[in-house]
Amino acid sequence: MPRVRMQFSPLKSSAAISPDLFFRLFREQYCMTRRVELICFNDKKINRLLDTGRYRNIMDMNAGLGSFAAAIQSPKLWVMNVMPTTAEKSTLEVIYERGLIGIYHDWCKAFSTYPRTYDLIHANGLFSLYKDKCNAEDILLEMDRILRPEGAVIFRDEVDTLIKVKKIVAGMRWDTKMVDHEDGPLVPKKILIAVKQYWVVDGNSTSTQ
């Protein structure tokens, strides 16, 4: 898909939401796109991982305008952009206008993954969005189900929310690392990177491999 198409505001779709909200969202997500591009394409290690095909099936659980998919666009992978049904405004039309794949879904319910699981999941503000709507444990268990062993998750959210998420996924035997937002340590949002471990039960003991 033409990369240049992903980097410009799809004006035809802006009628779906108010112009002020549309351009604010686009500006914020374009900035995130540029930061992700710098991370993915300037970091040789991550770039090699993307090129090896290790991360083939990728999901953005709160896709917004599809900027995460635009940032890591590669012929060796594809991204499923999910528009939560509880979002303030639907931007799925914008995702389609940018030439990306998208779908509506309520993360309080199970997601149909047939016939694949996912290698990498991006969750930007998802748990703040579903606060008081359903339990974070239920969403994380669904993520555990659709994520393959040794797959990774990138959480972006308020620090208090991520501390709660980190505690839950530790009980799921995920390895985690919390880092500051790209704009610095004073930004209230943080980034939590988690990797689902491959572990098996052997007799009366549990071993992690």
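A residue is called buried when its relative accessible area is under 20%, exposed when that area is over 50%, and partly exposed in between, as judged with a 1.4 Å probe on protein chains only. The model shown is predicted, so local features need pLDDT of at least 70 and side-chain atom pairs count only at pLDDT 80 or more, while totals for chains, interfaces and linings use all residues. Residues are numbered from 1 along each chain as its sequence is written, and side-chain values use heavy atoms, with hydrogens and water left out.

**View 1. The loop residue Lys109.** Lys109 lies in the loop between β3 (101-105) and β4, where strands (E, at least two residues) and helices (H or I, at least four) are DSSP runs numbered from the N terminus. With a relative accessible area of 55%, Lys109 is exposed. The C-alpha atoms of Lys109 and Glu142 are separated by 8.5 Å, although these residues are 33 apart along the chain.

**View 2. The packing of helices α7 and α8.** Helix α7 (residues 136-146) and helix α8 (residues 159-171) pack at an angle of about 55°, with their axes 10 Å apart; axes are lines fitted to C-alpha atoms, for helices over the stretch in contact, and angles run from 0 to 180 degrees between N-to-C directions. The two helices α7 and α8 are therefore oblique to each other, a word for angles that are not under 35 degrees (roughly parallel), over 145 (roughly antiparallel) or 65 to 115 (roughly perpendicular). Ala136, Glu137 and Leu140 of α7 meet Lys164, Val165, Ile168 and Val169 of α8, contact meaning heavy atoms within 4.5 Å.

**View 3. The largest nonpolar core.** A nonpolar core is a set of buried Ala, Val, Leu, Ile, Met, Phe, Trp, Tyr and Cys residues joined through side-chain atoms within 4.5 Å, and the largest one here has 28 residues, with Met143 and Phe155 having the most contacts inside it. At least two residues of this core come from each of β2 (78-84), β4 (118-124), α6 (126-129), α7, β5 (147-158), α8 and β7 (189-196), and α7 gives the most, with five residues. Beyond its neighbours within four places in sequence, Met143 is in contact with Met61, Ile121, Phe127, Val153, Phe155 and Trp174.

View 4. The protein as a whole has eight helices and nine strands, and buried residues make up 45% of its 209 residues.
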